[in-house]
Amino acid sequence: MSQINYNLAKFIASYGATSQIPPSTCPEVSFVGRSNVGKSSIMNKLFNRKGLVKVSSTPGKTANINFFEADGIHFVDLPGYGFAQRSKAERQRWAQLIGDYLESERSFNLVVSLVDIRHDPSKLDFNMIEYLRENEFNFVVCLTKADKLGKGQQAKQLANIRKQLQLDPEDIIVTSSQTGAGIDALKRRIEEDCLGDEDGYEGEEE
Ligand SMILES: Nc1nc2c(ncn2[C@@H]2O[C@H](COP(=O)(O)OP(=O)(O)OP(=O)(O)O)[C@@H](O)[C@H]2O)c(=O)[nH]1
Ligand SMILES: [Mg+2]
């Protein structure tokens, strides 16, 4: 059972510039990743709601920073990076938006960094993970769209991508917004990082 009641999720506000966003008032979970990787979809899956977060098969659906709230925690949907078919001006606006946001003074309890399980991480994925690591963000990588691969291929890609991104096993989760795979593991991680360790803490072995 999840300690966070995701069914209470609601839309809060949409911001076109980081300067418009009010200071953090509660723990925040932010979703970053390439355009079309499945950021908005995984949020809907967490919230158990089909259309709360707008999803599209056309990359570049999410153009603003959108805040949602569930049970006193903020969930932040960011525009995707690296969508080549948008104008240069638009790509620059999004890169600026994401950059300004991550550089702002906020409660970054957890950054969920999404990478498509079917492909090697792109240059921009490497850059994002490197940035999160260097700036000491608490982050977890979710490999998305696992339903598109068989079990064997999933395991192979997990090992491959984990090695390429140099991640500890607990910092990478295989997920599918279609089947719900990995969603409980992501929820546990969110709880650990947003609710503190009063309940789930297992303690160190003496
Ligand atoms: N098969 C499958 N399709 C998925 C999954 N997650 C997302 N999709 C599809 O991928 C497309 C993009 O999903 P979005 O959630 O809008 O992706 P996004 O990362 O928010 O994209 P932007 O807002 O453009 O940055 C949609 O057609 C989704 O239905 C998944 O786990 N499995
Ligand atoms: Mg989106």
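Reply: Asn48 has a relative accessible area of 60%, and since the cut-off for an exposed residue is over 50%, Asn48 counts as exposed; this value, like the others below, comes from a predicted model. Asn48 belongs to the loop between H1 and S3, and its backbone has a positive phi of about 60° although the residue is not a glycine.

A second residue with a backbone of this kind is Gln166, which is likewise not a glycine and has a positive phi, near 55°. Gln166 sits in the loop that runs between helix H4 (151-165) and strand S7 (172-174), and with a relative accessibility of 64% Gln166 is exposed. Beyond strand S7, the loop between S7 and H5 holds Gln178, for which the relative accessibility is 64%, so that Gln178 is classed as exposed. From the C-alpha atom of Gln178 to that of Arg162 the separation is 22 Å, for a distance of 16 residues along the chain.

Returning to helix H1, which spans residues 39-47 and includes Phe47, one finds a contrast with the exposed Asn48, in that Phe47 has a relative accessible area of 0% and is buried. The ring of Phe47 pairs with that of Phe75 in an edge-to-face arrangement, with 5.2 Å between the centres and 90° between the planes. Because Phe47 lies in helix H1 and Phe75 in strand S4 (residues 73-77), this pair ties together parts of the chain that are 28 residues apart in sequence. Phe75, too, is buried, at a relative accessibility of 0%.

The side chain of Asn66 makes a polar contact of 2.6 Å with the side chain of Ser14. Strand S1 covers 10-15, and the segment before this strand is the place of Ser2. Ser2 has a relative accessible area of 25% and is partly exposed. Although 182 residues separate Ser2 from Asp184 in sequence, their C-alpha atoms are 8.2 Å apart in space. Asp184 is part of helix H5 (residues 183-194) and is exposed, with a relative accessible area of 53%. A further distance to Ser2 is that of Glu192, which is 190 residues away along the chain, with 11 Å between the two C-alpha atoms.

What, then, surrounds ligand 1? There are 22 residues around this ligand, and Lys39, Ser41, Gly60, Thr62 and Asp147 are the closest of them. Lys39 brings the account back to helix H1, which covers residues 39-47, and a polar atom in the side chain of Lys39 is 2.7 Å from an oxygen atom of ligand 1. For Lys145, the distance between an N or O atom of the side chain and an oxygen atom of ligand 1 is 3.0 Å. Asp147 faces another element of the ligand, with a polar side-chain atom placed 2.7 Å from a nitrogen atom of ligand 1. Taken on its own, ligand 1 has 650 Å² of accessible area, of which the protein covers 88%, and the space that ligand 1 takes is the largest pocket.

Methods. Residues numbered from 1 in each chain as written. Chains lettered and ligands numbered in written order. Predicted model: local features only at pLDDT ≥ 70, side-chain atom pairs only at ≥ 80, totals over all residues. Heavy atoms only, no water. Phe/Tyr/Trp six-rings, centres within 6.5 Å; stacked < 30°, edge-to-face > 60°. Helix = DSSP H or I, 4+ residues; strand = E, 2+ residues; numbered from the N terminus. Buried < 20%, exposed > 50% of the residue type's maximum accessible area, 1.4 Å probe, protein only. Near = heavy atom within 4 Å. Polar contact = N/O pair within 3.5 Å; in protein donor to acceptor, adjacent residues only side chain to side chain. Areas by Shrake-Rupley, 256 points an atom, 1.4 Å probe, with all protein chains shown as cover. 1 Å grid on protein atoms, 1.4 Å probe; cavity = no way out; pocket = protein on both sides within 12 Å on 5 of 7 lines; lining within 4 Å. Sits in = over half its atoms within 2 Å of the grid points.
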